[in-house]
Amino acid sequence: MSSGMQLATWGYKYDFVAAFFLSCLLYGNTYNAGLLYDDETAILRNRCVVDKRSTLSDVFNTDFWGYPLHMVGSHKSYRPITTLTFRMQVQYVNGDSNLPTSLHETYVRPNGMRLHVVNIVLFAFVSAVFC
């Protein structure tokens, strides 16, 4: 490999690392912000995200806010990949288990700080990849 090719490869690696850390730096101050605004509906009250009894097909049959797509009140904002990532984060990574025993069996309470940290890292990774 020529030295010019090695330099170009190093440049891409440097861009990736720089974009990743810059993204973390820009959004890092949000890790302790808690769940705000539309998080109430999109995460805390979305049965597809917090209810262990909901199925994977529920994620693909509801809108972003957790309402069935066939309902008149549904916004029809179909974002199953976003809802699926929220579900995986809350139920497998970020859930708090300090709920009463009866609720703990079916519902998971999202931990806002952990949810933000995972999303900051995901955002930084995507930013770096597409830089």
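## Asparagine 111 and its contacts

Let's start with one side chain: that of asparagine 111 reaches the backbone nitrogen of arginine 114 at 3.0 Å. The side chain of asparagine 111 also reaches the backbone nitrogen of methionine 113, here at 3.1 Å. Keep in mind as you look around that this is a predicted model.

Where does asparagine 111 sit? Asparagine 111 is found in the loop between β2 (109-110) and α7. Is asparagine 111 buried or exposed? Its relative accessible area is 16%, so asparagine 111 counts as buried, the cut-off being under 20%.

## The largest pocket

Helix α7, which spans residues 112-129, also takes part in the largest pocket: with four residues, α7 gives the most to the lining. The pocket itself has a volume of about 160 Å³.

Which residues line the largest pocket? They are Tyr27, Thr30, His116, Asn119, Ile120 and Phe123. By type, three of the lining residues are nonpolar and three are polar, with no charged residue in the set.

Now to the nonpolar cores. The largest one has 10 residues: Ala42, Ile43, Val49, Val50, Phe64, Trp65, Phe86, Val90, Val108 and Leu115. Three helices, α2 (39-44), α3 (47-50) and α5 (80-94), each supply at least two residues of this core.

There is also a second, separate core, made up of six residues. Among them are Ala19, Cys24, Ala124 and Ala128.

Terms used. Residues numbered from 1 in each chain as written. Predicted model: local features only at pLDDT ≥ 70, side-chain atom pairs only at ≥ 80, totals over all residues. Heavy atoms only, no water. 1 Å grid on protein atoms, 1.4 Å probe; cavity = no way out; pocket = protein on both sides within 12 Å on 5 of 7 lines; lining within 4 Å. Points joined across faces, edges and corners; volume = space filled by probe spheres on them. Nonpolar A, V, L, I, M, F, W, Y, C, P; charged D, E, K, R; others polar. Core = buried A, V, L, I, M, F, W, Y, C linked by side-chain atoms within 4.5 Å. Buried < 20%, exposed > 50% of the residue type's maximum accessible area, 1.4 Å probe, protein only. Polar contact = N/O pair within 3.5 Å; in protein donor to acceptor, adjacent residues only side chain to side chain.
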